[in-house]
Amino acid sequence: MINYICNICGMIINDKNYEFNKEAFLYSNSLDNIRHCPFCGADSIYIKEISKGEENRVNLTIEELDEVTSVILDHAMKLEVFNGDFYKKASKLAKNEEIKKMFEALSNIEFMHAKIHKTLGGFKELPILKKMDYSKYEEDSILMDLANKREKHAVQYYNKYSQDVCSSKITEIFNILSDVEEDHIHLTLKK
Ligand SMILES: [Zn+2]
């Protein structure tokens, strides 16, 4: 298989990982059709072929961030960590095996989104959130409901702030991530 690089999260996609997190996607990747980045969910148009030995690094550094943008990115990072953490815990609480796996995959993707914001904002570390306990949510349907609300909130956040940031690159990334979360809204609708 040809190797690819995702221009959004910078991960290399190859024959060993193209199916990663497949439970978090509406359509699956195949060897000859990479529809999305398995790590951040970005659409195939942001994925490009790389040849052997080619320098493959994605530069997400934004030269000059203004204060407003920095705060927006900080909140976006926290939102994604909060959601990533929720999915991680929800995957342990869920009873249905399919839902469990989907939550696990969604957790990986949301944490990758947080890392993207960390890089964009030039932040040193991902935030440590106060310990959240979701164990009172005993039913899968309630967990799915909570998940769905979070995804809607994420889409709203990206759409609300995508025009307020100081860089067109960040606007573009917010739009891409908003589309990814939009798919998550569909995935977390009750089946
Ligand atoms: Zn990616």
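This briefing covers the helices and the sheet of the structure above. The model is predicted: local features need pLDDT of at least 70, side-chain atom pairs count only at pLDDT 80 or more, and totals for chains, interfaces and linings use all residues. Residues are numbered from 1 along each chain as its sequence is written. Helices (H or I, at least four residues) and strands (E, at least two) are DSSP runs, numbered from the N terminus.

**Sheet**

- Three strands form an open, antiparallel sheet in the order β2-β1-β3, where two strands pair if DSSP finds at least two bridges between them.
- β2 and β3 are the edge strands, each pairing on one side only.
- Strand β1 (residues 3-6) is joined to strand β3 (residues 47-50) by four bridges, and the two run antiparallel.
- β1 is also joined to strand β2 (residues 12-13), by two bridges and again antiparallel.
- Ile-5 stands opposite Lys-48 in β3 and has Ile-12 as its bridge partner in β2.
- Tyr-4 has Ile-13 as its bridge partner in β2.
- The hairpin of β1 and β2 has five residues between the strands, and in this hairpin Gly-10 takes a positive phi near 85°.

**Helix α1 against α2**

- α1 and α2 pack at an angle of about 160°, with their axes 8 Å apart; axes are lines fitted to C-alpha atoms, for helices over the stretch in contact, and angles run from 0 to 180 degrees between N-to-C directions.
- That angle makes α1 roughly antiparallel to α2 (under 35 degrees counts as roughly parallel, over 145 as roughly antiparallel, 65 to 115 as roughly perpendicular and the rest as oblique).
- The α1 and α2 crossing is left-handed, that is, the near helix is turned anticlockwise from the far one by less than a right angle; clockwise would be right-handed.
- Residues of the contact of α1 with α2 divide into eleven nonpolar, eight polar and seven charged (Ala, Val, Leu, Ile, Met, Phe, Trp, Tyr, Cys and Pro count as nonpolar, Asp, Glu, Lys and Arg as charged, and the others, Gly among them, as polar).

**Helix α1 against α3**

- Helix α1 (residues 67-93) packs with α3 at an angle of about 165°, with their axes 11 Å apart.
- α1 and α3 are therefore roughly antiparallel to each other, and α1 passes α3 in a left-handed crossing.
- The contact of α1 with α3 has eleven nonpolar residues, one polar and one charged.
- Residues of α1 that meet α3 include Ile-72, Leu-79, Phe-86 and Leu-93; among those on the α3 side are Leu-143, Arg-150 and Tyr-157. Two residues are in contact if their C-beta atoms, placed from the backbone, lie within 7 Å.

**Helix α3 against α4**

- Helix α3 (residues 140-161) and helix α4 (residues 168-187) pack at an angle of about 160°, with their axes 9 Å apart.
- The two helices α3 and α4 are therefore roughly antiparallel, and α3 passes α4 in a left-handed crossing.
- Seven nonpolar, four polar and four charged residues make up the contact of α3 with α4.
- The α3 side includes Glu-151, Lys-152, Val-155 and Tyr-158, and the α4 side includes Phe-174, Leu-177, Glu-181 and Ile-185.

**Helix α2: length and end**

- Helix α2 (residues 97-121) has 25 residues and should span 36 Å at 1.5 Å a residue, which agrees with its end C-alpha atoms being 36 Å apart; the expected span is 1.5 Å times one less than the number of residues.
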